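Please keep the sequence and the structure in view while reading.

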Amino acid sequence: NFFNRYLRTFYREKNMRKHHIFKNRAVAVVGIVLLSGIQAFGAIAKGINRPKTGETVEVLVQYATQPTEEQHRRVTDRNGRIRAAFEHVPVAHYDVTPEALADLEANPDVVSISPNLHLQGFVDRVTCSSNYWPLYSHYVATGRKKAAGIGVAIVDSGISTSNPNFNLWQSSKSRIVYSQSFVGGDTNDEYGHGTHVAGIALGTDNVTATIANSKRGFGGVAIDANIINLKVLDANGVGTDASVIAGINQAIALKSKYNIRVMNLSLGRPITQSYKTDPLNQAVEAAWKAGIVVVVAAGNGGRDNSQNTLGYGTITAPGNDPYVITVGASNDNGDYDRTDDVMTTYSSKGPTAIDHIVKPDLVAPGNQVVSEQSQGSTLVTEFPANQIPTDNYNPAGSSASSPYFFTLSGTS
């Protein structure tokens with residue numbers, strides 16, 4: 001361990017130099033560590049600008065256990081402010097003064113102090129490439145609906161409630177049983193990413209089902225599951241660690257009420273520290289410990305050679321956590337033959353930075369995927385050509401853009 005390594009170094013230096021100063025220094029350092037914990041060597045994570053007198057800085061603080069009122073009071077007594085506390089995640093969101101920050105660094109219960117970093121979302125032959133039909137046949141053979149009674153939490157940019165493909169099959173009743181925004185405003189999808197992601201996992205193809213002799217269908221996998229819409233990204237597809245942690249915390253709180261068994265996060269940011277001390281990682285681990293399967297995008301940095309790694313080591317957080325299922329993107333090469341499927345060039349590759357975890361865990365179709373559209377959203381406005389024409393699936397259609405479907409690529 002640390003102390004044994006330190007003492008071995010100390011005695012080696014002692015034998016070489018025969019000087020009492022080294023012994024005194026070793027005793028002093030070890031004494032400080034024993035009194036104040038490993039935080040004596042600094043709990044500040046990379047990226048924090050230390051506040052000056054009269055200023056505050058926004059931080060996320062990970063505690064060894066769930067923080068108490070006394071822990072929060074230590075911050076407020078030093079003129080800091082509590083932005084948020086998370087009941088199911090041992091992390092607190094503060095604005096801290098120089099005095100409050102110094103006290104946190106000296107607090108033996110503090111594991112890490114991190115900046116509130118920004119993150120963003122990652123953006124038919126799919127049914128064959130994802131090997132969907134064996135699953136479908138299993139549902140039919142057992143007389144079961146497709147994930148009926150199961151809750152799936154989509155932690156993303158919101159979901160368009162006007163899209164009929166989030167209703168029950170051939171019904172006007174929505175399967176979105178809960179919605180909450182953690183970035184202000186309503187829970188609708190102004191960006192367009194969360195709707196697309198939710199459609200891949202959960203879309204019921206009520207649109208083409210009503211069309212006689214339809215050419216194509218665009219159903220998701222778990223078409224009978226209930227949907228929990230947790231909006232953590234804004235109209236530009238951007239959120240923060242704090243907004244995502246708040247969404248994850250709420251999913252844990254709602255787990256029993258809605259039988260949430262799966263949570264999807266098609267978002268991420270660069271890794272800045274070990275998953276063991278990153279508050280975002282601790283949040284997904286808290287969900288895993290609560291019994292929720294956590295699925296996370298690997299990231300779209302596979303073409304990034306800025307570090308001369310040919311795209312290796314580009315997995316993003318929280319996809320770097322060993323407790324989550326990290327998913328990369330495959331390319332079906334435009335056909336129905338699974339044997340020629342390959343990794344997309346943009347899909348992030350491991351091992352993870354700092355901890356060197358082997359990732360991704362698996363890949364799924366992610367190239368030019370047609371899914372549900374959030375009308376008027378940022379992505380639809382910026383990429384109108386990604387809307388598919390109605391004659392793509394309707395024999396009586398035209399070249400006019402469909403208001404229901406949209407094409408995106410990514411590890412989402």
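## Nonpolar cores

A nonpolar core is a set of buried Ala, Val, Leu, Ile, Met, Phe, Trp, Tyr and Cys residues joined through side-chain atoms within 4.5 Å. The model examined here is predicted. Its largest nonpolar core holds 34 residues, of which Ile 248, Met 263 and Leu 265 touch the most other members. At least two residues each come from strand E6 (151-156), strand E8 (226-231), helix H9 (241-258), strand E10 (260-265), H10 and E12. The greatest contribution is that of H9, with nine residues.

Leu 265 illustrates the packing: leaving aside residues up to four places away in sequence, Leu 265 touches Val 155, Val 244, Ile 248, Val 284, Val 294, Val 295, Val 296 and Ala 297. Another core, of 14 residues, lies apart from the largest one and includes Tyr 63, Tyr 94, Leu 104 and Val 110.

## Aromatic pairs

Three aromatic pairs are found in the whole structure. One of them joins Trp 288 and Tyr 323 edge-to-face, at 4.6 Å centre to centre and 65 degrees between the planes. Trp 288 belongs to helix H10 (residues 279-289) and Tyr 323 to the loop between strand E12 (293-297) and strand E13 (325-331), so this pair ties together parts 35 residues apart in sequence. Trp 288 is partly exposed, at 41% relative accessibility, and Tyr 323 is also partly exposed, at 35%.

The ring centres of Tyr 393 and Phe 405 are 5.3 Å apart and their planes stand at 80 degrees, so this pair is edge-to-face. Tyr 393 lies in the loop between strand E17 (387-389) and strand E18 (401-408), and Phe 405 in strand E18, 12 residues apart. Both Tyr 393 and Phe 405 are buried.

## A charge over a ring

Lys 349 is placed over the face of Tyr 312, 4.4 Å from the ring centre.

Note on methods:
Residues numbered from 1 in each chain as written. Predicted model: local features only at pLDDT ≥ 70, side-chain atom pairs only at ≥ 80, totals over all residues. Heavy atoms only, no water. Phe/Tyr/Trp six-rings, centres within 6.5 Å; stacked < 30°, edge-to-face > 60°. Helix = DSSP H or I, 4+ residues; strand = E, 2+ residues; numbered from the N terminus. Buried < 20%, exposed > 50% of the residue type's maximum accessible area, 1.4 Å probe, protein only. Lys NZ or Arg CZ within 6 Å of the ring centre and 35° of its normal. Contact = heavy atoms within 4.5 Å.
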